[in-house]
Amino acid sequence: MDCFDFLSKIDNEVIDLAVIDPPYNLKKAKWDTFKSHDDFLNFTYKWIDSLVPKLKKTGSLYIFNTPFNSAFILQHLIKKSLIFQNWITWDKRDGLSAAKRKYTNGQETILFFTKSNNYTFNTDEIRVPYESAERIEHAKIKGILKKGKRWFPNPKGKLCTDVWHFSSERHKNKINGKTPKLPHLTPKPLDMIERIIKASSNPGDLVLDCFIGIGTTAIAAKKLNRNFIGCDNNRKYVEIAQKRLLEMNKLSK
Ligand SMILES: C[S@@+](CC[C@H](N)C(=O)[O-])C[C@H]1O[C@@H](n2cnc3c(N)ncnc32)[C@H](O)[C@@H]1O
């Protein structure tokens, strides 16, 4: 289903978390090609305007895009009185194309906004291992003296920063340096979507993705016992998403 028809069928203020990986206008596929940057922005602002009323007052919104496009999207979200939380830099450990006259793009942006200051954020669920684990091993017992107080490392790891390192699916699936044809041009890494869902929702919450592709958000939501609703206007992708979900059901039985 097209995202606009789909969003118009959803009641207002029912979504806890929206994880949105929309077109970027990189012109790598028909669905990602717009006549101009203005056309792309009009489409983007239109789906944002349709989506925002669907979020609960306690809801959160994550939007993927290029850093350049995100600079425009951020302004639009601020004009809509959403509350800026983070500009997350995703280090993809891979470049989309080798630029010779500028630095090769190796990052994407994930904008994290909330509808109000009353929102879910499960800090402890997304702690990451200390990089200096060996050096602070002794601190587990004695602590480290900081400004007159003893600091002990958190057994669940350190706080998660706004710079994320996840290998892209393209990069992970390379064989002898070559990328095999994937069922989708831009599937997102499952572990990265899981981080978003763990941080910004609770079991039983309702997660939305209106550009679902081959279903990464749906799979992550199911794995983490969240409810999920989503669409894509490409029937082939939706069929693959449904197959992936069925496989998951079989594995969990
Ligand atoms: C960046 S991809 C999403 C990939 C997805 N996150 C995954 O991991 O598989 C964007 C998706 O938006 C879909 N799309 C583009 N325009 C759309 C529209 N107007 N309504 C619904 N889906 C659309 C495309 O078919 C494409 O699968």
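1. Helices (H or I, at least four residues) and strands (E, at least two) are DSSP runs, numbered from the N terminus. Asn225 is in the loop between helix H7 (216-223) and strand S9 (227-230). The model is predicted: local features need pLDDT of at least 70, side-chain atom pairs count only at pLDDT 80 or more, and totals for chains, interfaces and linings use all residues. Residues are numbered from 1 along each chain as its sequence is written, and side-chain values use heavy atoms, with hydrogens and water left out.

2. Asn225 has a positive phi, near 60°, and is a residue other than glycine. Most residues other than glycine have a negative phi. Asn225 counts as exposed because its relative accessible area is 57%. Buried means under 20% relative accessible area, exposed over 50%, and partly exposed in between (1.4 Å probe, protein chains only).

3. Ser81 also deserves a look. Its phi is positive, about 65°, although Ser81 is not a glycine. Ser81 lies in the loop between helix H3 (67-79) and strand S3 (83-91). With 57% relative accessibility, Ser81 counts as exposed.

4. Where does the ligand sit? The ligand sits in the largest pocket. On a 1 Å grid over the protein atoms alone, a pocket is an open set of points with protein on both sides within 12 Å along at least five of seven lines. A molecule sits in a pocket if more than half of its atoms lie within 2 Å of the pocket's grid points.

5. Around the ligand there are 23 residues, and Cys3, Asp21, His184, Thr216 and Asp232 come nearest. A residue is near a molecule if one of its heavy atoms lies within 4 Å of it. By class, this shell has 12 nonpolar, seven polar and four charged residues. Ala, Val, Leu, Ile, Met, Phe, Trp, Tyr, Cys and Pro count as nonpolar, Asp, Glu, Lys and Arg as charged, and the others, Gly among them, as polar.

6. Which atoms approach nitrogen atoms of the ligand? An N or O atom in the side chain of Asp2 is 2.9 Å from a nitrogen atom of the ligand. A backbone N or O atom of Cys3 lies 2.9 Å from a ligand nitrogen atom, and a polar backbone atom of Asn233 is 3.2 Å from a nitrogen atom of the ligand. Taken alone, the ligand exposes 610 Å², and the protein buries 97% of that. Accessible areas come from the Shrake-Rupley method with a 1.4 Å probe; for residues, only the protein chains shown count as cover.

7. Lys188 is in the loop between helix H5 (169-172) and helix H6 (190-200). Is Lys188 buried or exposed? Lys188 counts as buried, because its relative accessibility is 7%. Its side chain makes a polar contact of 3.1 Å with the side chain of Asp21, and a polar contact of 3.5 Å joins the side chains of Lys188 and Tyr24. A polar contact is a pair of N or O atoms within 3.5 Å; within protein, one must be able to donate a hydrogen and the other to accept it, and residues adjacent in sequence count only if both atoms are side-chain atoms.

8. Ile88 is in strand S3 and is buried, at 3% relative accessibility. Ile88 and Leu111 are 23 residues apart in sequence, and their C-alpha atoms are 6.1 Å apart in space.

Definitions and conventions: 1 Å grid on protein atoms, 1.4 Å probe; cavity = no way out; pocket = protein on both sides within 12 Å on 5 of 7 lines; lining within 4 Å.
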